[in-house]
Amino acid sequence: MNPAVIMAIAGGVQAVGQIAAGRAAEESAKLDAFNIETQKELAKTESLQRHNDRLEQYRYNVKANIAAFSAMGRDVGNDRSVSVFLERQKEVATQDTRRSDLMGVFEAMKLQQQATTTRIEGRAKRQSATIAAFTTMAQATADYKDTRP
């Protein structure tokens with residue numbers, strides 16, 4: 001077989017391989033992005049659970065504090081210092097839950113950005129492989145024309 005034909009066939013096979021590699025890289029990136037988005041959903045659920053846990057802790061503490069004040073003979077409904085103490089505990093719990101919720105939102109945003117970036121990188125790898133395949137075919141065609149009998 002003519003060496004020029006063999007070189008042209010090899011160039012074609014190489015180009016097909018480059019295209020396949022680009023497709024595989026894009027599919028891999030899509031899967032990675034899906035996994036990152038799954039992590040995002042898990043992070044949102046964990047954030048909600050932290051929020052609920054903090055509120056439950058607050059409710060438990062309020063009950064325990066009211067019981068303790070009552071056991072000391074203090075009038076929980078009319079004692080100003082008890083009301084101020086309980087109000088402060090409510091403010092702290094509210095701040096804690098807001099901070100936790102905000103951290104959850106930031107984590108979700110970070111993970112969504114990672115997923116988006118991963119998809120973009122996958123598309124870029126596919127485009128790069130496609131361009132490399134066309135370049136390989138162009139070079140193989142030029143080499144064929146230069147070496148054909």
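The secondary structure of the protein chain consists of two helices and zero strands. The model is predicted. Along the principal axes, the C-alpha atoms of the protein chain fill a box of roughly 110 × 20 × 10 Å.

**Overall form**
- The radius of gyration of the protein chain is 32 Å, whereas a compact globule of 149 residues would have a value near 15 Å.
- Of the 149 residues in the protein chain, 23% are buried.

**Helix 1**
- Helix 1 covers residues 3–71.
- The 69 residues of helix 1 should span 102 Å at 1.5 Å a residue, and the 100 Å between its end C-alpha atoms agrees with this.
- At the start of helix 1, the backbone nitrogen of Ala4 has a side-chain oxygen of Asn2 within 2.9 Å.
- Gly73 follows helix 1 and has a positive phi, near 85°.

**How the two helices meet**
- Helix 2 covers residues 80–147, and its axis comes within 8 Å of the axis of helix 1.
- The two axes cross at roughly 180°.
- Angles over 145 degrees count as roughly antiparallel, and helix 1 and helix 2 are therefore roughly antiparallel to each other.
- The contact of helix 1 with helix 2 has 30 nonpolar residues, along with 19 polar and 17 charged residues.

**Arg98**
- Arg98 lies in helix 2.
- The relative accessible area of Arg98 is 60%, so this residue is exposed, the cut-off for exposed being over 50%.
- Arg98 and Arg54 are 44 residues apart along the chain, and their C-alpha atoms are separated by 10 Å.

**Arg99**
- Arg99 is also found in helix 2.
- Arg99 has a relative accessible area of 47% and is therefore partly exposed, since that class runs between 20% and 50%.
- The side chain of Arg99 makes a polar contact with the side chain of Asp96, at 2.9 Å.
- A separation of 9.4 Å lies between the C-alpha atoms of Arg99 and His51, which are 48 residues apart along the chain.

Methods. Residues numbered from 1 in each chain as written. Predicted model: local features only at pLDDT ≥ 70, side-chain atom pairs only at ≥ 80, totals over all residues. Heavy atoms only, no water. Axes fitted to C-alpha atoms, helices over the stretch in contact; angles between N-to-C directions. Helix = DSSP H or I, 4+ residues; strand = E, 2+ residues; numbered from the N terminus. Parallel < 35°, antiparallel > 145°, perpendicular 65-115°, else oblique. Nonpolar A, V, L, I, M, F, W, Y, C, P; charged D, E, K, R; others polar. Buried < 20%, exposed > 50% of the residue type's maximum accessible area, 1.4 Å probe, protein only. Polar contact = N/O pair within 3.5 Å; in protein donor to acceptor, adjacent residues only side chain to side chain. Expected span 1.5 Å × (residues − 1). Rg over C-alpha atoms; globule rule 2.2 N^0.38 Å.
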